Amino acid sequence: MAHKTINIKLKVWRQKDAKSKGAFETYELKNISVDSSFLEMLDVLNEKLVSENKEPIAYDHDCREGICGMCSLFINGRAHGPDDLITTCQLHMRKFSDGETIVIEPWRVGSFPVIKDLMVDRTAYEKIMQAGGFVSVSTGGVPDANAIPIPKEDADEAMDAAACIGCGACVATCKNSSAMLFVAAKVSQLALLPQGKVEASRRAKNMIAKMDELGFGNCSNTGACEMECPKGISLAHIARLNREFLTANIKS
Amino acid sequence: MTKLDSKVPKGKLKDKWSNYKAHQNLVNPANKRKIDVIVVGTGLAGGAAAASLAEMGFKVKAFCYQDSPRRAHSIAAQGGINAAKNYPNDGDTIYRLFYDTIKGGDYRSREANVYRLAEVSNAIIDQAVAQGVPFAREYSGYLDNRSFGGALVSRTFYARGQTGQQLLLGAYSALSRQIGLGNVEMHNRTELMDIVIVDGKARGIVTRNLITGEIKSHFGHAVVLATGGYGNVFYLSTNAMGSNGSAVWKAYKRGAFFANPAFVQIHPTCIPRHGEFQSKLTLMSESLRNDGRIWVPKKKEDAEAIRAGKMRPEDIPDEDRDFYLERRYPAFGNLVPRDVASRAAKERTDNGFGIEKNESGEGVYLDFKYAIERLGKDVIEARYGNLFQMYEKITDENPYETPMRIYPTIHYTMGGLWVDYELQSTIPGLFVTGEANFSDHGANRLGASALMQGLADGYFVLPYTIQNYLAYEITNPRKNPAELEEFKKAEEGVKSQINRLMSVKGNKSADYYHRELGKILWDKVGMARNEKGLKEAIEEIKALRKEFWENLHIPGNTNTVNPELEKANRVADFLELGELMAYDALSRNESCGGHFREEYATEEGEAMRRDDEYMYVAAWEYKGDDKEPELHKEPLEYEEIEVKTRNYKTA
Amino acid sequence: MSNFINSSIGKKLIMSISGLFLIMFLLVHLTANLFLLGGSDAFNLSAHFMDTNPLIQIMQPVLALGFFIHILYGIIIELQNRASRPVNYAKVNQKDASTWASRNMIWLGLFVFAFLVTHIINFFWVLKFGELETVFVDGEQMENSYALVSGLFMNGTTGIIYSVAYIIGFIALGLHLHHAFWSAFQTIGWSNIKWRKRLTIIGDIYAIIIAVGFSIIPIYFLFIN
């Protein structure tokens with residue numbers, strides 16, 4: 001069974017480490033199966049580089065099924081490449097044409113410095129989560145799971161927001177490098193549920209303060225984040241975050 | 001002869017855990033601050049344990065190889081989590097969940113552990129809801145349940161097709177809170193390289209920083225390994241690319257016994273492999289078997305036509321479709337346990353009825369046509385929409401219109417480090433939780449039980465049992481690892497291992513050896529095994545390992561990001577672990593759960609268990625690099641359960 | 001409070017509130033302008049009303065402040081946003097992810113500002129401080145604003161240039177508003193999935209009314225009159 005294959009040219013950002021200056025390098029690959037995933041195509045390239053005793057391209061990836069949020073490539077001008085509602089690992093080569101030149105860059109965000117080649121440091125996200133992305137409940141001593149009924153609509157909407165995988169595509173694609181969609185997803189999820197409602201104001205204030213401190217840009221509602229989010233998280237959650245933040249400040 | 005003391009508390013099965021908790025030693029709050037606990041791995045088991053221990057007041061140091069604890073592979077679990085809540089009022093009880101798990105595991109798990117698991121299952125759901133995990137709900141506002149393989153009740157809680165993600169993010173949020181409060185010192189992008197034993201007790205670990213290459217020692221009064229399974233030994237599996245067996249393997253080489261390494265779960269519903277450069281296989285949740293019907297063509301010529309691309313599955317009329325699970329197992333039908341469903345798929349494919357358009361033909365259909373006719377497309381979309389979308393992205397086929405192609409793949413390892421009732425390994429102070437231990441699933445795990453076990457261990461078992469050990473540690477002050485000879489030696493060992501890998505300077509990549517190892521294991525230590533094949537596998541793995549150490553090539557250097565070095569390091573361990581799996585499979589002359597020996601099958605092709613001789617946990621002890629490991633047996637005794645042949649044909 | 005004002009959402013709130021204020025102003029301005037279509041007397045009356053009404057007089061400095069704050073914060077936010085991406089992408093393809101207007105609010109805004117300056121020099125300054133001939137309408141003496149407007153647009157080639165420049169300015173303003181309107185509500189938090197659709201539609205209708213409404217004046221003087 002012969003698979004359809006294509007030949008491609010890759011322009012890949014190479015950068016030795018955080019301090020070095022990087023540059024694009026060009027590679028050519030032949031006979032790539034259109035059924036292979038984008039990362040499998042990079043595996044082929046890396047295997048070739050290793051066999052030539054060259055350093056393979058460093059890039060983040062792990063689960064390869066679109067849920068861990070590790071993969072983070074900016075491909076042909078788009079976060080996670082030319083397809084919707086996917087992560088880089090779910091992008092398949094059938095989205096490219098024979099002879100195409102593919103430009104691959106790391107996330108370009110001041111708060112996500114490049115570690116090497118296409119790998120970036122997303123510790124900033126961790127810090128935002130640590131500032132308030134939780135319900136302050138400890139293990140044990142909680143009521144029965146069915147003690148508080150939650151309207152299905154609220155639970156569903158909370159789930160829509162909770163689907164965030166923390167990949168950073170929203171910030172990467174935002175012309176302002178704003179992390180609002182990421183923060184909104186967590187604030188909105190927890191504000192929609194009675195368990196999280198109790199400290200919703202505190203959470204919104206603390207997470208926003210941390211986000212600002214870490215140097216992310218200001219949201220200007222372009223909506224690009226929502227379009228490039230692999231999980232399609234809606235801007236409506238940013239509206240809810242704004243609401244939570246403003247009422248929190250009015251109250252205090 | 002046995003050195004194994006399972007430490008199962010005395011008393012009636014249902015009282016054991018409460019009796020244990022009532023009488024165990026605890027550490028007082030003032031002393032907790034003085035105790036360091038190292039937790040390696042931040043998935044459900046590790047993340048939950050790190051958070052819970054820190055909440056209690058212990059000083060926790062947590063480690064993960066990813067850039068965030070949130071990326072642990074627990075996140076990929078789709079279907080759900082079991083609990084004996086009996087919310088649907090269909091007759092579920094703690095005993096029934098316990099019984100199903102023991103039976104599903106083909107009577108090869110420890111009764112007391114499994115009962116405890118069922119007992120704490122309900123608290124997990126309560127905890128998750130309190131954390132803000134958005135489980136699916138009914139219009140009443142109460143929690144919804146779905147059914148899963150191997151059970152006659154609906155006891156599975158779920159959050160769309162992302163239950164693992166939501167539960168992990170719950171644990172991650174609790175962990176983040178503790179990191180923010182300064183109770184957990186989090187080390188991301190850090191890999192465990194060795195475990196350090198001082199005076200016979202686990203006292204810390206040596207790690208490598210994956211960004212800077214720095215080798216560093218960390219002291220702990222106890223070490224918890226929550227590093228997941230070793231399914232990636234097969235190269236192609238549903239595991240994440242970085243999932244590895246190195247932590248448990250280092251522990252094994254430091255003296256922890258490895259239990260039931262041959263018990264590997266093959267998941268029946270994965271997307272079939274497409275080509276040589278495939279890097280991983282994607283699972284389609286078992287929940288799909290609630291509404292999908294599995295079939296292959298009844299006629300061989302139809303199967304051939306489909307493989308040749310001359311016919312489409314939709315063209316085959318119902319009467320020419322063989323719904324082989326419904327035919328063979330009328331009581332459970334498409335919801336038989338995973339091992340049974342996997343073997344049945346292999347049986348059909350081996351006999352020439354496979355449908356995948358490649359040399360092996362390895363594939364069967366999972367068809368939603370009937371469910372869509374019965375319930376409507378909207379209902380199916382609401383239940384499985386995200387899974388269907390994922391399938392379409394990968395295969396470019398629309399599962400609403402054409403049946404999904406699926407085939408079994410390596411998914412989970414029931415085997416793992418041997419632990420006693422307290423989740424302590426044979427090394428004092430070394431605890432093992434979640435998939436990394438062997439304890440709860442016997443020879444086969446039921447669907448939606450991995451999340452349950454990981455969180456049970458992490459939230460509700462380990463934080464108690466570890467105190468029974470730590471209570472004796474309060475007089476040992478925290479130490480600086482730089483002052484301990486054992487740490488220095490371990491660091492040197494790690495450095496020399498890295499140098500050894502770097503200096504092979506051959507011409508093949510680590511992935512090459514990994515793929516070769518995977519082929520040997522899949523063919524000979526996979527879904528069906530036999531004596532001849534297993535003996536061949538041992539020799540082939542030995543030869544491959546030799547070649548690895550002669551011909552490996554790693555470009556780059558050791559003090560920066562070097563993915564090739566990371567892979568080589570893991571593959572080096574897999575090349576040893578694979579061999580142990582073959583030894584275990586060879587020594588177990590019976591078929592049970594995920595371990596199917598062709599010599600031990602009934603005439604109908606069903607597994608033939610041999611309880612008289614093999615009702616034990618096989619715990620292997622490391623004896624040296626070129627020596628055969630030594631087998632220790634922990635006999636399994638069932639007080640409250642009548643051991644039967646598994647029967648999914650009638651209820 | 002200063003924490004709040006200096007926070008990202010606080011700054012955006014200022015953009016939003018000042019923007020909404022300017023949006024209201026535009027409607028008032030447009031209403032007054034449309035009196036031009038009613039002939040010289042009607043317009044002169046309305047201009048005179050604007051010039052003498054104490055409320056309008058009080059609002060003038062407030063309006064100026066509104067413009068000032070909106071522009072100042074727009075620039076501050078833009079500079080911060082630029083600083084948050086020290087290295088730019090070599091290739092960006094956002095045409096499907098967001099609207100052109102939303103990505104270029106600062107440029108549209110600055111263009112509108114340049115237009116505003118011209119406009120002030122052309123009209124406001126002259127009306128306020130210049131020497132205009134006066135006319136009598138309904139027995140009351142007032143400045144002949146109508147002549148000022150018609151004079152600008154009906155002045156041969158220069159008139160055509162002004163007319164075209166004004167129309168381009170209004171198109172830029174319309175594009176600015178196309179994103180600004182719903183965005184202002186989103187920032188205050190008065191939006192959700194349903195209301196976002198409604199607000200974008202209302203915003204687009206508003207933007208078209210403003211752009212077309214203002215453009216009618218030069219077109220009217222160019223062709224119809």
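Predicted model: local features only at pLDDT ≥ 70, side-chain atom pairs only at ≥ 80, totals over all residues.

Author: The domain assignment of chain B gives us two pieces to work with: domain 1, covering 269-411, and domain 2, covering 483-616. Going by C-alpha atoms, the centres of domain 1 of chain B and domain 2 of chain B sit 30 Å apart. Where they touch, domain 1 of chain B puts in 13 residues and domain 2 of chain B puts in 11 residues.

So much for the layout; now the surface itself. Together, domain 1 of chain B and domain 2 of chain B bury about 930 Å², and 59% of that is on carbon and sulfur atoms. On the domain 1 side, three residues stand out: Arg328(B), Arg343(B) and Lys346(B) supply 44% of the area that domain 1 of chain B buries against domain 2 of chain B, more than any other three residues.

Arg328(B) turns up again when you look at charge pairing. The rule finds one salt bridge across this interface. Glu606(B) forms a salt bridge with Arg328(B), with the closest N and O atoms 3.0 Å apart. As for polar contacts, the count between the two domains of chain B is three residue pairs, both residues at pLDDT 80 or more.

Which elements give two or more residues to the domain 1 side? Those are α10 (338-353) and β16 (404-413) of chain B. By residue type, the domain 1 side that touches domain 2 of chain B splits into seven charged, four nonpolar and two polar residues.

Conventions: Residues numbered from 1 in each chain as written. Chains lettered and ligands numbered in written order. Heavy atoms only, no water. Domains from an automatic or database assignment. Contact = heavy atoms within 4.5 Å. Buried area = accessible area lost by both parts, 1.4 Å probe. Salt bridge = Lys/Arg side-chain N within 4 Å of Asp/Glu carboxyl O. Polar contact = N/O pair within 3.5 Å; in protein donor to acceptor, adjacent residues only side chain to side chain. Helix = DSSP H or I, 4+ residues; strand = E, 2+ residues; numbered from the N terminus. Nonpolar A, V, L, I, M, F, W, Y, C, P; charged D, E, K, R; others polar.
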